[in-house]
Amino acid sequence: MKLYEAIARMRELTAQGRAFSFSFMSYNSSANTTEGVVDVRKAVLRKKADAKSYRNADVLMPYFDYDVCEARQFYLPCLMYFNGEKITIR
């Protein structure tokens, strides 16, 4: 599945009130570090931040993780799997 197909599907499921799973490679741009792969078992998307007032808003995807009951975000290029399907660039 292509990255933007996965994002479109995430938005559809969120609009329907349905959760989904995904995995991504963590990345902390402030510290330039990673903690490895993050598996999110049950989540929905949140509203994106305004690109004018938030650095990297165009490449960050905010979500709510139901397992830990926290609002989080990930970098779009770091998405690896969506509902068990591998994300491809081509």
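This is a predicted model: local features need pLDDT of at least 70, side-chain atom pairs count only at pLDDT 80 or more; totals for chains, interfaces and linings use all residues.
With strand E2 (residues 37–45), E1 pairs over 5 bridges in the antiparallel sense, and with strand E5 (residues 79–82), E1 pairs antiparallel over 3 bridges. Ser23 illustrates both pairings: Ser23 stands opposite Asp39 in E2 and opposite Tyr81 in E5.

E2 also pairs with E3, again in the antiparallel sense, over 3 bridges. In that pairing, Ala43 stands opposite Asp65 in E3. E3 is in turn joined to E4 by 6 bridges, and these two strands run antiparallel. Finally, 2 bridges join E5 to strand E6 (residues 85–86) in an antiparallel arrangement, where Phe82 stands opposite Glu85 in E6.

With a relative accessible area of 6%, Pro62 is buried, as the value falls under the 20% cut-off.

The bridge partner of Pro62 in E4 is Gln73. Pro62 can also be placed relative to Leu76: the two residues are 14 apart in sequence, and their C-alpha atoms are 9.9 Å apart in space.

## Hairpins and positive phi angles

Two hairpins contain a residue with a positive phi. The hairpin of E3 and E4 has 4 residues between the strands, and Cys69 in this hairpin takes a positive phi near 50°. The hairpin of E5 and E6 has 2 residues between the strands, and Asn83 in its turn has a positive phi of about 45°. Asn83, a residue other than glycine, lies in the loop between E5 and E6 and is partly exposed, with a relative accessible area of 39%.

Asn32 likewise has a positive phi, of about 55°, although it is not a glycine. Asn32 lies in the loop between E1 and E2. At 57% relative accessibility, Asn32 counts as exposed, since the cut-off for that class is over 50%.

## Aromatic contacts

The structure holds 10 aromatic pairs. In one of them, the rings of Phe22 and Phe24 have centres 5.9 Å apart and planes at 25°, so the pair is stacked; the angle is under the 30 degrees required for that class. Both Phe22 and Phe24 are buried. In another pair, the rings of Phe64 and Tyr66 have centres 5.3 Å apart and planes at 75°, and the pair is therefore edge-to-face, the class for planes over 60 degrees apart.

## The largest pocket

About 340 Å³ of space lies in the largest pocket. The lining comprises 21 residues, of which Tyr27, Asn28, Ser29, Gln73 and Tyr75 are the closest to the pocket centre. Among these, Gln73 is the bridge partner of Pro62 in E4.

E4 gives the most, with 4 residues. By class, the lining has 10 nonpolar, 8 polar and 3 charged residues.

Notes: Residues are numbered from 1 along each chain as its sequence is written. Side-chain values use heavy atoms; hydrogens and water are left out. Rings of Phe, Tyr and Trp (its six-membered ring) pair if their centres lie within 6.5 Å; planes under 30 degrees apart count as stacked, over 60 as edge-to-face and the rest as tilted. Buried means under 20% relative accessible area, exposed over 50%, partly exposed in between (1.4 Å probe, protein chains only). On a 1 Å grid over the protein atoms alone, a cavity is a set of points where a 1.4 Å probe fits but cannot get out, and a pocket is an open set with protein on both sides within 12 Å along at least five of seven lines; lining residues have an atom within 4 Å of a point. Grid points are joined across faces, edges and corners, and a volume is the space filled by probe spheres set on the points. Ala, Val, Leu, Ile, Met, Phe, Trp, Tyr, Cys and Pro count as nonpolar, Asp, Glu, Lys and Arg as charged, and the others, Gly among them, as polar. Two strands pair if DSSP finds at least two bridges between them.
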